[in-house]
Amino acid sequence: MNERMLRILAPAAVLALGVMAWDLVVRVNGIPPYILPSPGLVMRTLVADWSILWSSLLATLTTTVEGLLLAVVGGIGLAVLFNQSRLVEHSLYPYAVILQVTPVVAIAPLLLIYLPQQAAVLACAWIVAFFPVLANTTLGLNSVDHNLADLFRLYGASRWQVLWELKLPAAQPQMLAGIRIAGGLSLIGAVVAEIAAGSAGAGSGLAYRIAESGYRLNIPRMFAALILLSVTGIVIFFALSLLSHLLLRRWHESAVAAER
Amino acid sequence: MGHPTTPVVSLRGVGKAFGTGTLALDRLDLDVRTGEFLSLLGPSGCGKSTALRIIAGLSEPSRGSVTWQGGDARRGIGFVFQEPTLMPWATVLDNVFLPLKLGGADRAAEIPRVMDTLSRVGLAEFAQAYPRELSGGMRMRVSIARALVTAPRVLLMDEPFAALDEITRFKLNDDLVALWRELGMTVVFVTHSVFESVYLSERIVVMTGRPGRVSSELAIEAPNRDARFRTSAEYAAYCRLASDALASAMRAPQGAAA
């Protein structure tokens with residue numbers, strides 16, 4: 001069996017075994033569905049509640065994607081600004097770190113007081129997602145080959161040319177690594193904010209459905225929503241990995257190694 | 001070899017001290033004559049690369065002056081680093097186009113010029129390749145093409161072939177001599193290899209260990225630079241002369257580290 005098949009078959013087998021064990025435990029012990037539903041019931045709920053879950057999924061996905069886009073724009077924008085001006089970097093960087101290290105769960109309730117709900121949820125997604133983009137892009141912009149930088153100087157390149165023709169292209173691999181992390185974090189930020197908002201009594205995202213189902217002891221729907229959230233995270237991760245691969249495959253070692 | 005003796009660039013009393021207090025160059029006097037192939041030969045750490053960077057304007061001398069014939073404005077420099085120093089995200093064509101692009105040139109209009117330069121280094125059919133797809137020797141050719149594309153008055157090379165295998169180095173040496181003759185430019189070539197400097201140059205300036213100064217000068221007179229020259233008695237004699245000059249430069253009571 002080759003490596004590639006093993007990579008797909010091995011985790012698939014683990015999944016199948018896990019689901020079977022889950023099913024067996026529920027059947028043998030006669031566990032009621034409001035404590036632990038069987039995998040079959042979870043799948044039936046997923047189908048039966050699809051219209052509710054689908055609209056919730058769209059709501060969460062919209063927040064996540066918007067949060068990610070703002071994080072990419074904000075993170076790269078700030079990184080460029082920091083790179084161009086020491087003063088701006090020294091003035092703002094500590095606050096970027098503070099925003100990053102303060103748990104978003106703790107910030108969310110405050111944001112929900114001061115901002116409209118949708119804006120607060122989006123702000124949470126942005127707060128957790130922008131930092132890896134900022135940190136990675138900053139690293140990339142600062143690790144330009146110094147001989148190449150000398151070459152640009154030799155030919156009298158303007159500040160703008162150095163940024164656009166040298167620093168930004170050179171920072172691409174790190175930037176894309178940051179964006180890949182940000183994708184997952186944006187989903188986490190959205191979910192955290194929805195849960196916080198949900199407990200305040202409003203909302204429509206997947207995380208809100210999970211909180212709501214929890215109060216109503218609708219455990220099968222909780223599981224169904226949880227599965228959808230996981231799948232969303234996986235899809236985002238693979239989509240961003242694909243983007244990174246497509247942009248880097250012609251020239252960067254990280255993508256070249258994956259091709260072999 | 002009958003070049004006019006007007007220097008294209010003159011260094012007078014050039015000294016360079018780094019922030020750490022290390023003195024890399026001290027009272028360096030050097031004339032680069034128009035059209036010559038000049039090698040700066042010296043032990044590693046003797047400041048020859050620093051001297052080259054000062055000529056290029058990449059580093060400011062702490063003392064002394066650098067005077068260009070016709071003034072600083074039209075220096076017209078091509079620079080080749082020890083590493084190929086290519087942009088890995090750009091094709092060979094775009095790498096060679098870079099100096100023109102930074103000068104504000106239009107890509108479509110300059111493609112013939114870029115392709116012509118690539119043909120000179122034998123890489124025309126690799127225009128669309130990316131650097132990682134090329135061998136070390138080919139990458140160095142791209143680097144040389146990039147330095148030549150602006151038709152510089154002076155080509156500055158900082159140990160460009162040091163990292164290449166011997167066969168590739170010999171081939172690039174021959175190609176470089178051919179390009180120099182064909183284009184009639186001035187070359188300043190930094191090396192720590194006695195053999196390479198004798199094979200390539202018309203004139204070798206031997207530098208002392210840190211702080212770097214001119215220790216002695218050697219003129220190499222050979223009608224042709226080819227395989228026959230490389231195995232000739234004259235070549236061997238020149239190599240011995242250059243070796244001796246280098247050895248005495250390293251013995252010179254100059255400073256602490258050599």
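Leu92(A) is partly exposed, because 15 other C-beta atoms lie within 10 Å; on this scale a residue is buried if 20 or more other C-beta atoms lie within 10 Å of its own, exposed if 12 or fewer, and partly exposed in between, with the C-beta atoms placed from the backbone. The residue belongs to helix α4 of chain A, residues 86–101, where helices (H or I, at least four residues) and strands (E, at least two) are DSSP runs numbered from the N terminus.

The model is a predicted one, in which local features need pLDDT of at least 70 and side-chain atom pairs count only at pLDDT 80 or more, whereas totals for chains, interfaces and linings use all residues. Residues are numbered from 1 along each chain as its sequence is written, while chains are lettered from A and ligands numbered from 1 in the order in which they are written.

Helix α5 of chain A, residues 104–114, has Val104(A), Ile107(A), Ala108(A), Leu111(A) and Leu112(A) as its buried residues. They lie on the same side of α5(A), because the arc that they cover around the axis is only 140 degrees, an arc being that of the directions from the helix axis to the C-beta atoms. On the face of α5(A) turned away from this buried side are the exposed residues Ala106(A), Leu110(A) and Ile113(A).

Seen as a whole, chain A has eleven helices and zero strands. Its C-alpha atoms fill a box of roughly 75 × 55 × 25 Å, taken along the principal axes, and 38% of its 260 residues count as buried. Of the contacts in chain A between residues at least 6 apart in sequence, 74% join residues at least 24 apart, two residues being in contact if their C-beta atoms, placed from the backbone, lie within 7 Å.

By the same criterion of contact, 18 residues of chain A touch 15 residues of chain B. The elements that give two or more residues to this side of chain A are α7 (146–154) and α8 (159–199) of chain A, and the largest share, seven residues, comes from α7(A). Sorted by class, the side of chain A that touches chain B has nine nonpolar, five polar and four charged residues; here Ala, Val, Leu, Ile, Met, Phe, Trp, Tyr, Cys and Pro count as nonpolar, Asp, Glu, Lys and Arg as charged, and the others, Gly among them, as polar.

Chain B is divided into domain 1 (1–76 + 153–258) and domain 2 (81–151), with bounds that come from an automatic or database domain assignment. The C-alpha centres of these two domains of chain B lie 25 Å apart, and eleven residues of domain 1 are in contact with seven residues of domain 2. On the domain 1 side of that boundary, β6 (154–158) and α5 (166–183) of chain B each supply at least two residues, and α5(B) gives the most, with three residues. The residues on this side of domain 1 comprise eight nonpolar, one polar and two charged.

Strand β3 of chain B is largely enclosed by the rest of the structure, because five of its five residues are buried. Phe37(B), Ser39(B) and Leu41(B) point one way from β3(B), whereas Leu38(B) and Leu40(B) point the other way. Five bridges join β3(B) to the parallel strand β7(B), residues 186–191, in which Thr191(B) stands opposite Leu41(B); strands are taken to pair if DSSP finds at least two bridges between them. β3(B) also pairs with β8(B) in the parallel sense, over four bridges, and there Arg203(B) is the bridge partner of Leu38(B).

Helix α8 of chain B, residues 233–251, has 19 residues and reaches 27 Å from its first C-alpha to its last, close to the 27 Å expected at 1.5 Å a residue, the expected span being 1.5 Å times one less than the number of residues. Tyr238(B), Ala242(B), Leu246(B) and Ala249(B) are buried in α8(B), and they lie on the same side of this helix because they cover an arc of only 75 degrees around the axis. The buried residues of α8(B) pack against β3 (37–41), α6 (194–200), β8 (203–207) and β9 (214–219) of chain B. The face turned away from the buried side of α8(B) carries exposed residues, among them Arg240(B) and Arg251(B).
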